[in-house]
Amino acid sequence: MLDKAKILVDVGCGSGQNCIAAKADLKLCLDFSSKQLNEARKRGCEDLVLADMEFMPLRSESADTLLYISSIHHLRDPSAALMEAKRVLKEGGSIMVTVWLVQPKYFFKRNIVITSYVSGRRVERFYKLYLPWELKKTMERVGFRTVFSKNYKVNSILPNNSIYLGKKVSLS
């Protein structure tokens, strides 16, 4: 779905599973959790960046490809992060985003907090659940050109995820 990039940034990389599979000359794993970056390092990711997706310490128009795999839905409002994506992405560069959709198991709520336990410690994570058309509209509103957009299901009867692939293009 994505061509090999010179510079790819896995934004909100978590434990690095997507960075490992990506094809690029330079793969940067960016996350604001040092624990997640340590896990990514254990998996073989080498170029790690501790940062927030809303304030990436990268030069303007420096990345060929940005991945936001199950990361942007942790923000109540993705606007600042998506404007930062536009700043960092080269003209003609690709952006791939996946999010969770509203689901019956969460009573079709738009915002949820899921509690889990990691190493015996209680962790609460926020999720913004998207409507089926919302991700595509959000990306286009920010100014990305849609290449591909689809809702799909993972272990569910109904679609519970959405994927978006877009390009940064100038308006002129």
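Student: Over the ring of which residue does the charged end of Lys128 sit?
Tutor: This is a predicted model, in which local features need pLDDT of at least 70, side-chain atom pairs count only at pLDDT 80 or more, and totals for chains, interfaces and linings use all residues. Residues are numbered from 1 along each chain as its sequence is written, and side-chain values use heavy atoms, leaving out hydrogens and water. The charged end of Lys128 is 4.8 Å from the ring centre, where sitting over a ring requires NZ of Lys or CZ of Arg within 6 Å of the centre and within 35 degrees of the ring normal. The ring belongs to Tyr130.

Student: At what angle are the ring planes of Trp100 and Tyr127?
Tutor: A search of the whole structure finds one aromatic pair (centres within 6.5 Å; planes under 30 degrees apart are stacked, over 60 edge-to-face, the rest tilted). The centres of Trp100 and Tyr127 are 4.3 Å apart, and the pair is stacked because the planes are at 5°.

Student: How many residues apart are Trp100 and Tyr127?
Tutor: Trp100 belongs to strand 5 and Tyr127 to strand 7 (strands are DSSP E runs of at least two residues, helices H or I runs of at least four, numbered from the N terminus). The pair thus links distant parts of the chain, 27 residues apart.

Student: Which exposed residues does helix 4 carry on the face turned away from its buried side?
Tutor: The buried residues of helix 4 are Glu134, Leu135, Thr138, Met139 and Val142 (buried is under 20% relative accessible area, exposed over 50%, partly exposed in between, with a 1.4 Å probe and protein chains only). The face turned away from this buried side carries Lys137 and Arg141.

How values were computed
Phe/Tyr/Trp six-rings, centres within 6.5 Å; stacked < 30°, edge-to-face > 60°.
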